[in-house]
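Please look over the sequence and the structure below before reading on.

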Number of protein chains: 2
Amino acid sequence: MPAASAVLRRGSALRSLAPAVSRHLPRTAARLSSSYHAGEPGAPVLKTDFPGPKAKEELARLHNVFDTRSTNMLADYTKSTGNYIADPDGNLYLDVYAQIASIPVGYNNPTLRKAAESPEMVSALINRPALGNFPSHDWAEILETGILKVAPKGLNQVFTAMAGSDANETAYKAAFMWRRQKERGGPAVEFTEAELESSMNNQAPGASQLSILSFKTGFHGRLFGSLSTTRSKPIHKIDIPAFDWPQATFPLLKYPLEEHAEENAKAEADALAEVEDLIKNYHIPPCAVVVEPIQSEGGDNHASPEFFRGLRALTKKHGVLLIVDEVQTGVGATGKFWAHDHWNLQDPPDIVTFSKKAQTAGYYFGDPALRPNKPYRQFNTWMGDPARAILFRAIIQEIEQNNLVEKTAKVGDYLFGKLEALAAKYPGQFENLRGKGQGTFIAFDNPHRDQFLLKAKKFGINIGGSGASAVRLRPMLIFEERHADLLLEGLEKIVTSWEK
Amino acid sequence: MPAASAVLRRGSALRSLAPAVSRHLPRTAARLSSSYHAGEPGAPVLKTDFPGPKAKEELARLHNVFDTRSTNMLADYTKSTGNYIADPDGNLYLDVYAQIASIPVGYNNPTLRKAAESPEMVSALINRPALGNFPSHDWAEILETGILKVAPKGLNQVFTAMAGSDANETAYKAAFMWRRQKERGGPAVEFTEAELESSMNNQAPGASQLSILSFKTGFHGRLFGSLSTTRSKPIHKIDIPAFDWPQATFPLLKYPLEEHAEENAKAEADALAEVEDLIKNYHIPPCAVVVEPIQSEGGDNHASPEFFRGLRALTKKHGVLLIVDEVQTGVGATGKFWAHDHWNLQDPPDIVTFSKKAQTAGYYFGDPALRPNKPYRQFNTWMGDPARAILFRAIIQEIEQNNLVEKTAKVGDYLFGKLEALAAKYPGQFENLRGKGQGTFIAFDNPHRDQFLLKAKKFGINIGGSGASAVRLRPMLIFEERHADLLLEGLEKIVTSWEK
């Protein structure tokens with residue numbers, strides 16, 4: 001291993017994180033490629049045990065007023081930089097969890113800083129509009145040069161939202177209104193008195209008796225509508241009232257894919273048959289199917305492009321919308337800007353939802369019929385946030401100028417190859433390695449998963465899990481081969497530490 | 001009327017809005033009290049018809065990518081100032097709608113600008129944390145000096161959210177978990193296998209068969225759970241699946257209150273009896289009652305402090321939570337920081353939700369049992385936004401330093417008195433004037449309401465409606481007597497314009 005990749009222990013000279021410090025690490029400095037890496041140390045910096053004394057103190061204070069039982073670590077964002085997250089004790093961890101996959105181009109990214117300091121951002125922050133009523137004169141410009149510049153192929157409209165949950169829920173609302181409008185005979189047909197009255201009582205026919213079909217182990221958010229489509233874990237759902245909506249089996253592929261081609265194809269065919277059966281026969285008919293390109297929260301479950309093309313064909317055939325939830329998969333991490341770009345669809349999805357790395361949220365669509373037939377049907381006070389839309393525009397700029405999607409595809413291939421080697425070297429420790437050709441969107445199962453995640457901090461790595469046993473890698477788009485090397489070194493240390 | 005209050009027509013010398021300009025308006029300049037007013041003109045500035053040519057052009061462009069059918073006006077926020085909203089054509093309207101009651105201390109407020117330009121804000125913007133997993137080391141400090149500094153009496157905890165809808169929905173989730181936990185026998189009792197399994201199928205017992213009781217004509221948001229409690233208008237609800245939850249009649253008071261004391265008391269007693277009946281007998285038992293201190297979206301419907309004290313007593317008696325939705329009423333506009341401060345409750349509400357003027361959102365609570373018994377039950381990726389929490393802190397600072405709540409109480413009294421005079425002068429035009437003693441949170445009904453709102457622009461005023469026939473006044477907290485005079489002048493012009 002190169003010297004620069006050694007974990008720097010307590011007392012290291014690398015106490016300050018100013019960019020200048022990296023000059024003391026010539027082997028690393030030589031490899032620093034872009035300004036978004038300029039502040040990075042050459043390797044994780046560990047000054048205290050985890051959590052350190054300052055973190056403990058602050059955490060106790062926070063717990064008095066804010067539930068901290070799900071806290072992973074207290075962070076000091078002013079000292080976090082590039083791929084590294086800092087804590088209040090001066091430790092710096094290589095961060096391949098990235099705020100649950102939501103940091104796109106590194107901590108304290110200079111391009112984002114510039115956008116955040118711009119007069120445009122300041123105005124957007126302090127003069128927050130009710131976008132549906134009082135959009136700013138440059139809102140079209142902000143959308144066209146930002147959110148819509150990266151609109152998925154075939155989709156040219158956007159409804160802006162706040163986060164993944166309400167992006168999905170407003171997409172569901174659009175689907176319900178679209179379907180009922182079609183059933184009524186088109187946008188010009190007025191609501192009946194019975195519909196108007198019953199809607200106020202939460203009863204049919206006004207409150208439609210339709211459903212959204214989702215997949216087992218899928219995750220789409222935790223508000224009431226989105227949670228009704230979320231099927232990840234009971235702890236997400238228990239005690240919360242839910243709609244009687246159907247769920248189909250997500251194909252459970254076996255790895256390595258090459259060795260299980262026939263079984264996997266059958267699992268996918270069975271899943272599609274189940275979807276079709278539910279569309280045709282579920283007692284509350286689905287008007288849309290919602291699916292993640294890669295089930296993320298639910299354990300990094302993949303399916304083939306053929307499966308998704310089949311799903312598109314099925315939904316078309318039955319007049320049901322296809323909503324692709326790209327909240328976690330979108331914005332580059334899979335080596336394409338949108339994960340569904342991997343599918344080579346003939347017809348685009350009807351709706352694509354986004355959030356997380358976009359730092360804003362919403363849903364894209366193309367069919368004008370997905371604009372409800374009257375104003376104020378799809379509406380709320382803020383309807384998104386121009387400040388965050390301006391930030392997404394800067395993120396897009398940073399991604400495009402630095403070819404970060406292409407780079408992520410390459411570094412993902414590099415990382416996957418090295419992980420295959422590790423998996424061969426340590427049988428049982430990197431089970432069901434998955435995400436080949438999907439950028440850095442990679443995961444594997446480990447029998448001691450929870451311990452694995454905790455232990456990673458000891459070796460300078462911040463890493464997350466998903467599902468029951470998966471370790472999920474969610475590096476940022478500025479993750480390069482040298483970061484991959486550090487990560488691989490850390491992973492090897494973790495899996496060889498069980499016996500010690 | 002003083003000269004300064006005359007609407008400045010096209011060709012006026014007041015083309016620029018730089019603070020220096022007000023020196024040319026000596027009568028107004030003398031009355032400028034604080035820096036948040038420094039950029040204000042002495043009166044609305046009208047340079048073009050509404051909408052002007054630039055606005056029309058930009059609106060057409062925007063409509064290609066964003067639904068603009070609910071657009072009231074295109075705004076130029078860079079030129080908006082204090083109580084005035086600018087449009088791209090150089091017009092400046094006195095804004096008593098304030099982004100659907102969500103601008104607290106004026107456009108381009110200097111204190112907010114300072115906060116928005118601070119390094120702390122920039123870091124919060126570009127390093128957005130997943131607050132549940134990776135809160136920043138100073139998150140406790142930000143909460144304690146901001147959101148929690150103004151926590152309602154008796155409540156000392158907060159769950160942060162993004163907007164009013166998810167603030168309410170996460171509050172509902174807390175209520176469901178709290179109730180089921182109590183029914184189970186406390187936080188230490190584990191979920192049963194049947195609960196865990198059925199929750200994944202959206203079925204009882206895991207998905208609880210409980211409800212939230214709300215009031216007719218109430219508004220609590222438009223996502224699936226919140227929309228199930230919203231009972232404002234069919235256009236908000238139609239075609240969207242809803243939970244079978246109960247609604248009680250909100251007392252429909254008659255105005256002036258002094259003249260209808262007996263009837264109104266009976267209406268309130270009847271409403272409380274209906275609530276009690278629904279709590280005891282509704283086939284899906286309510287675990288919480290949600291209520292707005294003043295029903296805002298639904299038409300500015302008031303009830304007396306006695307009614308709310310009765311509601312608190314009833315909910316206590318039956319072990320049902322009281323959730324007070326202060327999304328629109330909170331943060332000062334009623335002449336108290338929280339509208340429920342007017343009630344003199346013996347026991348505080350269990351939960352108070354907030355958003356809008358706070359520019360961030362969430363729910364306050366006090367009872368530790370409202371923290372669910374396990375981590376990750378109340379969780380999502382972002383769980384609010386530190387950038388917006390920092391902004392709320394600056395808003396609180398601005399409010400406190402300038403006594404804006406007390407000032408709003410006074411200017412509200414002044415305005416109400418003048419409106420009573422107008423109502424007497426123009427019978428039928430200011431019907432059911434309401435909001436006496438409630439700061440500037442004032443409304444009245446007008447038989448030509450929609451036309452009223454449109455016509456207001458001609459006289460330099462931006463004003464909103466609510467319910468079927470109400471004109472609602474929602475000035476900012478920096479609205480002073482001279483602004484009230486301008487508003488009153490405009491209102492008089494509107495109601496005397498019908499005949500012309």
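**From a strand pair to the chain interface**

Ile85(B) stands opposite Tyr93(B), which belongs to strand 2 of chain B. This is a predicted model, in which local features need pLDDT of at least 70 and side-chain atom pairs count only at pLDDT 80 or more, while totals for chains, interfaces and linings use all residues. Residues are numbered from 1 along each chain as its sequence is written, chains are lettered from A in the order in which they are written, and side-chain values use heavy atoms, with hydrogens and water left out.

Strand 1 of chain B and strand 2 (residues 92-95) of chain B pair in the antiparallel sense over 3 bridges; strands here are DSSP runs (E, at least two residues), numbered from the N terminus, and two of them pair if DSSP finds at least two bridges between them. In general, strands of a sheet pair through backbone hydrogen bonds, either parallel or antiparallel. In chain B, 3 strands form an open sheet in the order 1-2-12, with mixed pairing. Its edge strands, strand 1 (84-86) and strand 12 (461-462) of chain B, each pair on one side only.

How do the two chains meet? In all, 125 residues of chain B are in contact (heavy atoms within 4.5 Å) with 125 residues of chain A. Chain B and chain A bury about 11200 Å² between them, and 58% of this is on carbon and sulfur atoms; buried area is the accessible area (1.4 Å probe) that two parts lose on being put together, summed over both. Between chain B and chain A the count is 12 salt bridges, each a side-chain nitrogen of Lys or Arg within 4 Å of a carboxyl oxygen of Asp or Glu. In one salt bridge, the side chains of Arg388(B) and Asp385(A) meet at 3.0 Å, N to O.

The area buried between domain 1 and domain 2 of chain A is about 1400 Å², of which carbon and sulfur atoms give 57%. In domain 1 of chain A, Tyr255(A), Asp300(A) and Ile399(A) lose the most area to domain 2, together 31% of what that side buries. Across this interface of chain A the rule finds 0 salt bridges.

Terms used: Helix = DSSP H or I, 4+ residues; strand = E, 2+ residues; numbered from the N terminus.
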